[in-house]
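This briefing concerns the cavities and the strand pairing of the structure shown below.

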Amino acid sequence: MSQRPEDPIGQVEASSNVGRLAATIDRLRKEIQDAQLAAEGRALIELARGILVERLHCGPTQAAQQLAALAEQAGLSQLELAADIINQTAQDRLSDAARDSLTLTGYAGFSAEEARRWRYVPPGVATPARRALVERRTVWFTSLSEQGLPSIGQRQLSGGGRVTVPAGTGGRILGVLEIGWPHPLQPQPPQIHKQVDALAELCAHTLEAPADRRTAASDMAELIDLVDALPDPALVLSPQLDDGGRLTDFRIHHSNGRFADPAGRPRGSVTGALLLEAYPLAAGDSGLLEKIEHVHATGEPFRAEGMTLTALADQVPLTTLADISLTRHGECILLIWRVQDEVVRLASLLQHAQRLGRIGGFEENTQTGEITWNSQLYELYGLTPADRPIPLEHLRERAHPDDATTIGRFLRTVLHHRHPGATAFRLQRDDGIIRHIRVVAEPVFDADGRMAAVRGAYQDISAQHWTEVALAATRDQLALSEQQVDERNRLTLQLQHAIMPPTRGPLEAFGLHIAVRYRPAEKEHLVGGDWYDTFILPSKQILLSVGDIAGHGIEAATGMVILRNALRGLAATGAGPAQLLTWLNLVAHHLTESVTATAVCGLYDPATRILRWARAGHLPPILIRRNRATELPTIDGIMLGAFSEADYAEEQIQLEQGDTLLMYTDGLIERRDHALQHSQAELLIIAEHPTATLDHRLDHLLTHCNSDTDDDTCLIGVQLQ
């Protein structure tokens, strides 16, 4: 039961839980900070030991013992002594080139001896001042001893508070102000915070030497001379401040003669402009502006390889990969970049490789239909750049008829299943030349996971093919196991062709356009029992039928031959579809070895445009009328061979001009992980896809229907002209 809002006990419990959670978070945060400080302290001690090893010419163990003995004699901790040793070695000049070193410029309230010890802090020493410099923010310490960070006056004010503030003007950090208290520091009111910030700003103006300001003009002239002598494109950027002295942008003060704008603009249109006006995307994904601000504030140089520079040309982003260098010179920033010409060189090498390898590339935009070919692909097809590229989905029209099945599987893999695919086929060019081609393709997806394009490549493998043929002709004999496999596959294919004749061209009869498709099973050794049949009866009626024998193998194939030929003979009697299926059921039950099958049979009368049809446990036909696909009614009719006596119902429909009728076997839509009703609903959606011809509609169905393709598929399309 939920606690009522006004219940004070529940409020106290909730407050207590929140308090415990906050205390746990604080404890874990403190443990992390302690671990970080301990690690930094250990690094400082190791650095001091290294100095002793170098100065005393001893080993690491002796240096550690010497450091511990010296700390005990001086009454200091090893961390404090390590800081002293590092400070004392500042005059060795080895750290002069180090970045972000701190030098004590002024002090108050500390002895001269203490100031001398801390007059120089190398970059590797973690101190409160360095933390403020790195984080570029004010840092408050309740008690310096709790933090464990070495700093000036740590022995005198070990238990006192400390605050470190970056001191700078115009976005540039000139130093760090550090203030100490003799007692632990409690949270200070906003007035104290403002006073500390004002004091830091005053210190920054003091650190900004007048002599430096007087020589700024001469330094700028020298910097420009240096930039003009550089072999790479370079810009000199000066800080742009608002009325309050805050950094808002950088102005492009100068560009050298090597300058080449990524957007193609001349130097004059860029020089003098603000950085974000000339290159607004510098504040975006590349983070270039952030890097420039950091270099200007801290003086720490920045270098990066392969950084992306983006410019806008007529609101079109143009990207360039370049190596970047940023350094601060006085108040200005020097930006140098070197465009990676390697990209252009590699692109040229790729073009030559495609020419030598006879490889043509393409990309098809699935949303706009736009197709892009390179010049080599036009040559492979025997076309000119003025000709229209051929869509991937129409690949069958340019291929040898015997390769239609493999091309169909390839298109289903890429366009429907949306997986990379590859296949080999024979390309029939308009000039009569036949080339052996290998095509590979992969889908391209947008940010939402939708397929946006298909890209791939064609390669002419004719020379390789004929070489393999020549080598095969010179082989003495295949191994016995290879002979058995080849013979079995050859016999399987011959049996399939004997049972199911090759796909004929479209049939035109009495204003009826008929097209058929047959796709064998994925596994060639599985001979299926699907069949289709279309022919004109002596009565001038047209018989349309499809059927599917249960199972695979020789039994299914022989049973299919019996039923298909029996239906042809029975249809010559002039009986209707229901009577034909009744007789065909007797044939299946008495004249075969326990064959069961489904079938649908139709008779079309050209004089009346009436189609009579009946079904024996088969999926009903689909009617496409005015771009809308619907199933014909599911009439009664048990599958063939199940019972010796069976009656079949009959329906009729009058076709209209432009109507399309589809009859198919379940191999077109059957899936192991979907209900048949769901697959039928998807088929209706796919069937409504507009196509130019009936042949294109059947090819589209074979490509996009969502089946496991482990069964044969027969498909008949009928269109009334």
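In this predicted model, the largest cavity is lined by 15 residues, and those nearest its centre are Pro262, Tyr279, Leu288, Leu309 and Thr310. The space in this cavity amounts to about 170 Å³.

**Largest cavity**

- Strand 8 (302–313) and strand 10 (332–339) each contribute at least two residues to the lining of the largest cavity.
- The greatest contribution to this lining comes from strand 8, which provides 4 residues.
- Sorted by class, the lining of the largest cavity comprises 12 nonpolar and 3 polar residues, with no charged residues.

**Second largest cavity**

- The second largest cavity holds about 50 Å³ of space.
- Its lining is made up of Glu80, Ala83, Asp84, Glu114, Arg117, Trp118, Ser151, Gln154 and Arg155.
- Helix 3 (78–88) and helix 4 (112–117) are the elements that supply two or more residues to the lining of the second largest cavity.
- Helix 3 gives the most to this lining, with 3 residues.
- By class, 5 charged, 2 polar and 2 nonpolar residues line the second largest cavity, whereas the lining of the largest cavity has no charged residues.

- An open sheet is formed by 5 strands in the order 12-11-15-14-13, with antiparallel pairing.
- Strand 12 (371–373) and strand 13 (421–428) are the edge strands; each has a single partner strand, so one side of each lacks a neighbour in the sheet.
- From one strand to the next, the twist of this sheet averages 25°.
- Strand 13 pairs with strand 14 (residues 434–445) in the antiparallel sense, over 8 bridges.
- Within this pairing, phenylalanine 425 has isoleucine 437 of strand 14 as its bridge partner.
- Helix 15 (residues 404–416) packs on the sheet and touches strand 13, strand 14 and strand 15 (451–460).
- The direction of helix 15 makes about 140° with that of strand 13.

- Strand 4 (residues 162–169) and strand 5 are joined in the antiparallel sense over 8 bridges.
- Threonine 169 has arginine 172, in strand 5, as its bridge partner.

- Strand 6 (residues 234–241) and strand 7 (residues 247–255) run antiparallel and are joined by 7 bridges.

Definitions and conventions. Residues are numbered from 1 along each chain as its sequence is written. This is a predicted model: local features need pLDDT of at least 70, side-chain atom pairs count only at pLDDT 80 or more; totals for chains, interfaces and linings use all residues. Side-chain values use heavy atoms; hydrogens and water are left out. Two strands pair if DSSP finds at least two bridges between them. Axes are lines fitted to C-alpha atoms, for helices over the stretch in contact, and angles run from 0 to 180 degrees between N-to-C directions. Contact means heavy atoms within 4.5 Å. On a 1 Å grid over the protein atoms alone, a cavity is a set of points where a 1.4 Å probe fits but cannot get out, and a pocket is an open set with protein on both sides within 12 Å along at least five of seven lines; lining residues have an atom within 4 Å of a point. Grid points are joined across faces, edges and corners, and a volume is the space filled by probe spheres set on the points. Ala, Val, Leu, Ile, Met, Phe, Trp, Tyr, Cys and Pro count as nonpolar, Asp, Glu, Lys and Arg as charged, and the others, Gly among them, as polar.
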